[in-house]
Amino acid sequence: MNELKFHWRLTQGGERHGASRGHQASLGETGLPDLGQRIRFCKRAEELGIDSLLTDFGWSKPDPMFLAAAIGLQAETIKFIVAYRSGLICPTSFVQQLNTLSTIIDGRFSINVIAGDTPEEQHYYGDWLPHDERYARTEEFLAVCRALWRREGPVNFEGKYYKVEGGKINTPFIAPDRTFPELFIAGNSQQAHDLAISQGTIWMQIPDTPETMRARGADVLAAGKELGVRCSIIGGATRGAALEQAYALVSQTRDGFDDGAKEREFMRKSDSVNVRTTYARAGESEWLTPWLWTGAVRTHGAPCIAIVGSPREIAEGVEEFVDAGVTQFILAGWPKLESMEFFGEEVLPLIRQPKEIAAAL
Amino acid sequence: MALRFHWSMSSAGEELKGAKARGAVSGIPNLDAHVRFCRQAEECGIESLLTAFGFHRADPIVLATALGMLTTRIKFMVAVRSGVCLPTLFVQQVNSVAAVTGGRICLNVVAGHTPEEQKYYGDFLAHDERYERTDEFLTVCNAFWKGSGEVNFAGKYYTVEKGKLSTPFVAPDRTSPEIFLGGNSAPGERLAAKHADCMWRLPQPAAAMRDQVKPLVDGGIEVGILVSLLVRETHEEAIEATERLIARFDGAPRRTHEEFARKSDSVAFTSTYKLANADDWPAPYLWTGAVPYMGAPSVAIVGSAEEVTEALFTYRDAGVTQFLFMGWPDLEEMERFRRLVLPAVRAREEAEAGRAEVAAS
């Protein structure tokens, strides 16, 4: 079985305690990174046994590739999951940029290829393709990238979206153990599932119940790819303390900011199946399992579906996903640093403990 | 106005720039060698270093980010081609680099050299259309940098709607990157006049450049030359150095550049080859003898300290105010520039400024 890996979302500039996505984007300073703060966050993540930090892509943030270059030079072992959108750059340039990044930070990154959340934001970038075509284009995009990474001679490709003739670049992807970066394909749609099998190395989803995840992911595992989950962690010393935190998160209003309205507006614009199904699911049931809580989804966004409980309960929640075939987790919490410390210090040792010892306790 | 000096970094870690066939260069940047190059440039009064673009090199903008993190003063003149990435993403990348390097990035816009290499990147446009696309590309970029509010643009190559980015271009003295643009053709000139701060030309004798330079300078942009430098204590030593340089080639790599010149559809490059074939000394200070071996950028200003200093002011009087140098090898030539030329240039500028003050009072 693949090694279990736990990733965290990188802290952003100007982060407010418990801020929702809408609130965060409304804060002007997200665009200018406080490098020192992020480097400290990276070093803490390294100490806690976190594998990678997710650097998001979006109009309201600095470019994640350059952030990874800047921070990666100052850190030792931490890796990055660099989110990027396929339609904004030609595949040859993309591979050239990534390979250059690999030579600078020793290949310490993987790529999270996303199709884009809202057509409105895609238009900021000059991308006018509808949702399904964006997946078809991503399929071609990654086919060209992987051909360049194979380094088996000039790449010739003629598709609907990309045409490359004699393509080659001299800078290879450099890493201790790989010849191309891990490719996370995120999304709950059939297209994302198919793309993960054809071009990805791992299919990332916002979680449903472990049984549903197992059923959906069986053919992905059979194809030799991994399954991953992206969600949040809300923990406390006891279940009661964790629940208190969870409810506090959605009950407070900050600076008169209406998170629910902002998220409803985002939902109206979004054509992401991932985001839409999770939003709908949150309306059906607040607890998908005794520890999987959808209560924050409607105010804080789909990735805020959360595993809630004491350290042992969270460890069990994670293990149920592991039993369903999941090997990588991209996690977050509120605030990002403290929740990462809670996870690394309280929960991760329980998960890493050999099963026999856990059973004897 | 003080003359401004830049240097090409493309040979960092390589002794004779351009003397290797392009496919044979490894593409793995030697970061230590690059950082040494940057630090010496900082000490030699060089303002920025050109990081070139090509399939055989590391990506210039990622490389500049890494070097910017490891140095303190030097700027990076990052080469950019319009056809490989959408303008919104490009602005986001540039602004992100500025955010992590204190704004130490400027741009060198190139429309691309050979149609063959353009196809590696999926770009099949012809020469004139590339200029047209670059025009649209820079229009969108400048709308982000210089406009206020959302960017709307509908062109032949790009359509952007309500474009916005949270990461601004931040530098101590600018709110947009300085734009250099290379080319000797009429569309290149129109493009430079519209979008650039400075246009790079390949050198001709200063007297021959005056009439071409004037309309550009009158139009509000600077003109610079892309030129190699070969300065020695005495005239005789400089001439000997040119002879030793030619002797080293022994005829062998000549074919490489003849081949490149044949494939190139760049007017700037092909016209320099014609100049080179006519006469090795088009002016007493300007030598084209290395062009058949090292390509068009190896046209060189050659002479003693006094002769070279005089040549720079001859160019200045013809309207040329910026210089992008190369040398053989770069670091030794840069050191001679610092020792033999720069103090004389600055002393003369100060003396002139003093005379101007006296004349005014």
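## Chain B

How many helices and strands make up the secondary structure of chain B? In this predicted model, the secondary structure of chain B comes to 13 helices and 12 strands. The chain has 361 residues, and buried residues make up 50% of them.

Of the contacts in chain B with a separation of 6 or more, 74% are accounted for by residues 24 or more positions apart.

## Chain A

For chain A, the secondary structure consists of 15 helices and 13 strands, and 53% of the 361 residues of this chain count as buried. When the contacts in chain A between residues at least 6 apart in sequence are considered, 73% of them join residues at least 24 apart.

## Where the two chains touch

Which chain gives 42 residues to the contact, and which gives 46? Chain A contributes 42 residues, while chain B contributes 46 residues. On the side of chain A that touches chain B, the elements that give two or more residues are the helices α3 (64-72), α4 (91-105) and α5 (119-124), together with the strand β6 (163-167), each of them belonging to chain A. The largest share of this side comes from α4(A), which supplies 8 residues.

Sorted by class, the side of chain A that touches chain B holds 21 nonpolar residues, alongside 16 polar and 5 charged residues.

Notes
Residues are numbered from 1 along each chain as its sequence is written. Chains are lettered from A and ligands numbered from 1 in the order in which they are written. This is a predicted model: local features need pLDDT of at least 70, side-chain atom pairs count only at pLDDT 80 or more; totals for chains, interfaces and linings use all residues. Helices (H or I, at least four residues) and strands (E, at least two) are DSSP runs, numbered from the N terminus. A residue is buried if 20 or more other C-beta atoms lie within 10 Å of its own, exposed if 12 or fewer, and partly exposed in between; C-beta atoms are placed from the backbone. Two residues are in contact if their C-beta atoms, placed from the backbone, lie within 7 Å. Ala, Val, Leu, Ile, Met, Phe, Trp, Tyr, Cys and Pro count as nonpolar, Asp, Glu, Lys and Arg as charged, and the others, Gly among them, as polar.
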